[in-house]
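Work through the exercises below with the structure open beside you. Try each task before you read its solution.

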Amino acid sequence: MSEAPVRVAVIVGSVREGRFGPVVADWLAGVTGDHGGFEVDVVDLAEPDLPMVLPAFGAVPPAAVVAEVAKVTPRLLAADAFVVVTPEYNHSYPASLKNAIDWHRAEWTAKPVAFVSYGGMSGGLRAVEHLRAVFAELHAVTIRDTVSFHGAHARFGEDGTPTDAAAAVAAKAMLDQLSWWARSLAEARTVRPYPGA
C-alpha cells in the first residue's frame with residue numbers, strides 16, 4: 001500500500017437542480033490529482049437512481065434496484081478513502097447523501113472520510129458535524145481538517161477555482177491527513193480483520 005496510490009472516492013452529495021456541488025467537486029478532484037499519491041473517482045449521487053425505500057433486513061431488492069445500487073457499491077468498496085462534498089440543507093446534510101450512506105455499510109468500515117462543505121454563512125459546517133456522528137456509527141474514521149466555503153457562489157471564479165488561495169492550502173492539509181489515515185488503515189486491515197466488520 002505504501003507505494004500504490006490511495007484510491008479516493010469524491011462523493012458529490014447534492015442532487016438538487018441547479019446545484020453548486022459539481023463545481024466544488026471538480027475543483028477538489030483536480031487538487032487531489034495534483035497532490036500526488038491519489039487515484040480519484042468522482043461518485044456523483046445524481047447519476048444513480050437510489051430508491052428512498054430500503055429493503056427489509058435480509059430481503060433481496062428487485063433487479064432494477066440492484067442495478068442502480070450496483071452503480072455505486074463497487075466504487076465505494078474499491079475506495080481506500082472518501083471525500084464527501086456536501087452542502088448544508090436546513091442545518092444538516094442532504095437526504096440524498098444519507099440515503100447513499102444507508103444503502104451501504106461494509107464499504108465504509110475502517111476507512112477514512114474527509115469533508116468539503118459549502119453553503120451560506122456557516123459554509124456547510126453544521127452538515128459536516130452531523131455527518132461525523134453518522135460515519136462514527138459505521139466504524140469509519142473522520143478527518144479533523146476540513147475545507148469549507150462560506151457564501152460559496154461568490155468564492156469561485158468563472159474558471160471553477162476558488163478566488164482565495166487559502167482553499168488550496170486547506171485542501172492540502174486535509175489530503176495529507178487523509179493519505180496518512182488511508183495508508184495506515186489499509187495496512188492494518190491487511191494484518192488483521194477489523195473487529196466491527
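## Exercise 1: Fold and overall size

Counted from the N terminus, the elements of the protein follow the order β-α-β-α-α-β-α-β-α-β-β-α. The model is predicted.

**Task.** Find how many helices and strands the protein has. Then test its radius of gyration against the value for a compact globule.

**Solution.** 
1. Sort the elements by type. The protein has six helices and six strands.
2. Take the length. The chain has 197 residues, so a compact globule would have a radius of gyration near 16 Å.
3. Compare. The protein has 16 Å, which agrees.
4. Along the principal axes, the C-alpha atoms fill a box of roughly 50 × 40 × 25 Å.

## Exercise 2: A pair of helices

**Task.** Describe how the axes of H4 and H5 cross, and classify the residues of their contact.

**Solution.** 
1. Two packed helices are described by the angle between their axes and the distance between the axes.
2. Locate the helices. H4 covers residues 95-102 and H5 covers residues 125-137.
3. Read off the geometry. The two axes come within 12 Å and cross at roughly 10°.
4. Apply the cut-off. Angles under 35 degrees count as roughly parallel, so H4 is roughly parallel to H5.
5. List the contact. From H4, Leu97, Lys98 and Ile101 meet Leu131, Val134 and Phe135 of H5.
6. Classify. Five of the contact residues are nonpolar, none is polar and one is charged. Lys counts as charged.

## Exercise 3: An open space

**Task.** Describe the volume of the largest pocket and the classes of its lining residues.

**Solution.** 
1. Give the volume. The largest pocket has about 220 Å³ of space.
2. Name the lining. The residues are Leu54, Pro55, Ala56, Phe57, Gly58, Ala59, Pro61, Asp102 and Trp103.
3. Classify. Seven are nonpolar, one is polar and one is charged.
4. Assign the exceptions. Gly counts as polar and Asp as charged.

Notes
Residues numbered from 1 in each chain as written. Predicted model: local features only at pLDDT ≥ 70, side-chain atom pairs only at ≥ 80, totals over all residues. Heavy atoms only, no water. Axes fitted to C-alpha atoms, helices over the stretch in contact; angles between N-to-C directions. Helix = DSSP H or I, 4+ residues; strand = E, 2+ residues; numbered from the N terminus. Parallel < 35°, antiparallel > 145°, perpendicular 65-115°, else oblique. Contact = heavy atoms within 4.5 Å. Rg over C-alpha atoms; globule rule 2.2 N^0.38 Å. 1 Å grid on protein atoms, 1.4 Å probe; cavity = no way out; pocket = protein on both sides within 12 Å on 5 of 7 lines; lining within 4 Å. Points joined across faces, edges and corners; volume = space filled by probe spheres on them.
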